[in-house]
Amino acid sequence: KLQEALKELRKSLSVTQKELADLLGKPQSFVSKYESGERNIDVIEFVDICQALNLDPTKGFNKIYSQIQ
């Protein structure tokens, strides 16, 4: 559910997988794999993703947590 919520958050900000991957310094497949559930992300990666989307990680977590409740 976390991966799906991150995907929806990215889309709501009109950011493509490629754009997010570039901001993270990762290949586009990194974003694709965690969004599809093929790959899990750790806390550090979650923080990096939030920061790349200009979200405070705590606020990002709270927003995502409220979506998956």
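Trainee: In which hand does α2 pass α4, and which residues make the contact?
Mentor: Keep in mind that this is a predicted model. The crossing of α2 over α4 is right-handed. On the α2 side the contact is made by Leu-20, Leu-23 and Leu-24, and on the α4 side by Asp-48, Ile-49 and Ala-52.

Trainee: Are α2 and α4 roughly parallel or roughly perpendicular to each other?
Mentor: Two packed helices are described by the angle between their axes and the distance between the axes. Here α2 (residues 17–24) and α4 (residues 43–52) pack with axes 9 Å apart and an angle of about 110°. Angles of 65 to 115 degrees count as roughly perpendicular. So α2 and α4 are roughly perpendicular.

Trainee: On to the aromatics. What kind of pair do the rings of Phe-30 and Tyr-34 form?
Mentor: The structure holds one aromatic pair. The ring centres of Phe-30 and Tyr-34 are 5.6 Å apart, with the planes at 70°. Planes over 60 degrees apart count as edge-to-face, so the pair of Phe-30 and Tyr-34 is edge-to-face.

Trainee: Where do Phe-30 and Tyr-34 lie?
Mentor: They're four residues apart, which is about one turn of the helix. Both sit in helix α3 (residues 28–36).

Trainee: And are Phe-30 and Tyr-34 buried or exposed?
Mentor: Anything under 20% relative accessible area counts as buried. Phe-30 comes in at 9%, and Tyr-34 has 0%. So Phe-30 is buried, and Tyr-34 is buried.

Trainee: What's the phi of Ser-14, and where is Ser-14 found?
Mentor: Most residues other than glycine have a negative phi. Ser-14 isn't a glycine, yet its phi is positive, at about 55°. As for its place, Ser-14 is in the loop between α1 (2–12) and α2.

Trainee: What about the phi of Asn-54, and which loop holds Asn-54?
Mentor: Asn-54 isn't a glycine either, and its phi is positive too, at about 60°. Asn-54 is in the loop between α4 and α5 (57–68).

Trainee: Are Ser-14 and Asn-54 buried or exposed?
Mentor: Over 50% relative accessible area counts as exposed. Ser-14 has 63%, and Asn-54 has 74%. Ser-14 is therefore exposed, and Asn-54 is exposed.

Notes
Residues are numbered from 1 along each chain as its sequence is written. This is a predicted model: local features need pLDDT of at least 70, side-chain atom pairs count only at pLDDT 80 or more; totals for chains, interfaces and linings use all residues. Side-chain values use heavy atoms; hydrogens and water are left out. Axes are lines fitted to C-alpha atoms, for helices over the stretch in contact, and angles run from 0 to 180 degrees between N-to-C directions. Helices (H or I, at least four residues) and strands (E, at least two) are DSSP runs, numbered from the N terminus. Angles under 35 degrees count as roughly parallel, over 145 as roughly antiparallel, 65 to 115 as roughly perpendicular and the rest as oblique. A crossing is left-handed if the near helix is turned anticlockwise from the far one by less than a right angle, and right-handed if clockwise. Contact means heavy atoms within 4.5 Å. Rings of Phe, Tyr and Trp (its six-membered ring) pair if their centres lie within 6.5 Å; planes under 30 degrees apart count as stacked, over 60 as edge-to-face and the rest as tilted. Buried means under 20% relative accessible area, exposed over 50%, partly exposed in between (1.4 Å probe, protein chains only).
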